[in-house]
Amino acid sequence: MAEAQTQKKVALVIGNSRYAHEAALTNPHNDAEDMAEVLARIGFKVMVKFDLDYNSLRNALMEFTQLADQAEIAAVFYAGHGIEMSGSNYLIPIDARLDNESQIAFQALPLDLVLNSVNGASRLRIVFLDACRNNPFLKKIQSRLGTSRSALGRGLAAVEPNEGTVVAFAAKDGTTASDGAERNSPFTKALLKHIVQPGLDVDFLLRHVRDDVLKDTGGKQEPYKYGSLPAENLTLADTAETAAASQKPGQDAIQTQPQLRGETDKARTAWEAVSNSNNRTDMETIVRMFPATIYADLAQARLAQIAADQTHEPEEEIDVALNTTGSFNGAIQQTPEANEPKSWFMATYADIDFFGGDLYDTGLKVQRADQCAALCGGNLACRMFTFNWKAQRCFLKSSYEVAQRASGVTGGLFFKAGRSEPPPQISVQWELMVSADLQALDLGPTDDRTYAACFQNCRGDSRCTGLSFANRAKRNKCWLKGGNVGNAIDAKGVVSARRAQEQITPFLVVPAQPKD
């Protein structure tokens, strides 16, 4: 049942960045990676491919053609270079060497092959082309022939797909698209934003994308849709009601779907924790733990990218920037004691922060968890560390005190690592709430000027079951609470905490060496 549900919507996602004979493009790899993740999240069975040469691109389209023949909805997303010649559009593989127009027909793939690959889908066929970039191949050929003698056009040419097929260009025919200065191109950024909206009709989806790109580029780039759709509501992300209605009744279906969603959710949470990492161990862990998900494919692609970088580029020395403000309670040593165990265990917790035992009050600014491990490994006072990947801050700790839930501005995924194996579960003793004021019996205000001091005051008072700290200029107030602190109200600028007794299991525990 789970497989049948997945097969109803299929997608091929391609990102061509590393061109062999021209400068690499910055965003297509990121665009394809993020698009594959989002499509998988909304129920597509996704094939994701990166940096395809001519043969690999043909093979991917042939494989996807068979997949689309069994589907209701088939989508192709391509980010990379494209070219137009004499009214026909071509996608450019990474191994193409285009010095003159005659080579295009032999080294580039016609867009018609892409359109043919989705033809088998029964309800909706859609192709997204983020391929209208300012093209170096075009410039090279026109510089030799002169623009007046060249049959090559700027951007891509308008297309007329079959009924029920839509082709969405990042920029209108005859114009070029921006690659953008952010992680994603303006077109893909807008597409990622709107494609996840449940029940949003495809026509309205593309209108929203058009408006966002026009606004983002100051009116310089206008996405355009070609093709027509039947008079019915066609969506890429189903509403919850639609998804439930599409599931056949029966015990097997009821059991299988939650299991599938649970595994995918775990994989997505793990991927989000390491998605900005270029560490082989991080990617290998995703592949090992979630082999049947799209995130394993994304991790495999990242491993290939890491290998290519190591082959073609010299390894750079990493400069770790330390923020040394705040009190330090231990002596720095360059090497740990000889009898210290060498194995480390790193656990990843979603939205769980660890409080207490900090050697640096404000933490250290690092980019990756392995840098944090290296700092702890070189400090005899350090027994464990936590790493907030969102804030990119490392906290070295001499001891473990409490775990607390994090939310709002302090949210993210937190790593907890130590020199001995952590227990399979941790006890959450406090729950942290941001922009929330606890409604409970007031034990009275204190003179504490920081949240940490307020927290310690409550911990030391047996009557105190929660606290609220109002961070306002010259009026910092700490209110200790007693009794039932189950209720809270929205209150901007207030950070609260309440005692909690809850066991949390990490979704990822990885043995590692300090060098990792």
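Reader: What share of the residues in the chain is buried?
Author: In this predicted model, buried residues account for 49% of the 516 residues in the chain.

Reader: What about secondary structure: how many helices and strands?
Author: The chain has 14 helices and 21 strands. Of the contacts between residues at least 6 apart in sequence, 75% join residues at least 24 apart.

Reader: Turning to the five-stranded sheet, what is the strand order?
Author: The order is β12-β16-β18-β20-β19, in an open sheet with mixed pairing.

Reader: In which sense do β19 and β20 pair, parallel or antiparallel?
Author: They pair in the antiparallel sense, over eleven bridges, with β20 spanning residues 477-504. Within this pairing, C464 stands opposite G482 in β20.

Reader: Which helix lies across these strands?
Author: Helix α14 (residues 451-459) does. The strands it lies across are β12, β16 (402-405), β18 (426-446), β19 and β20, and α14 runs at about 165° to β19.

Reader: Now the disulfides. How many does the structure hold?
Author: The structure holds three. One of them joins C454 to C478, with an S to S distance of 2.0 Å. This pair links distant parts of the chain, as C454 is in helix α14 and C478 in strand β20, 24 residues apart.

Reader: Why is the disulfide of C454 and C478 assigned its handedness?
Author: The torsion about its S-S bond is about 75°, so the disulfide is right-handed. Both C454 and C478 are buried.

Reader: How far apart are the sulfur atoms of C372 and C394?
Author: In that disulfide the sulfur atoms are 1.8 Å apart. C372 belongs to helix α13 (residues 369-377) and C394 to strand β15 (residues 393-397), so placed 22 residues apart in distant parts of the chain.

Reader: Is that link right-handed or left-handed?
Author: The link of C372 and C394 is right-handed, with 80° about the S-S bond. C372 and C394 are both buried.

Conventions:
Residues are numbered from 1 along each chain as its sequence is written. This is a predicted model: local features need pLDDT of at least 70, side-chain atom pairs count only at pLDDT 80 or more; totals for chains, interfaces and linings use all residues. Side-chain values use heavy atoms; hydrogens and water are left out. Two strands pair if DSSP finds at least two bridges between them. Helices (H or I, at least four residues) and strands (E, at least two) are DSSP runs, numbered from the N terminus. Contact means heavy atoms within 4.5 Å. Axes are lines fitted to C-alpha atoms, for helices over the stretch in contact, and angles run from 0 to 180 degrees between N-to-C directions. Buried means under 20% relative accessible area, exposed over 50%, partly exposed in between (1.4 Å probe, protein chains only). A disulfide is a pair of cysteine sulfur atoms within 2.5 Å.
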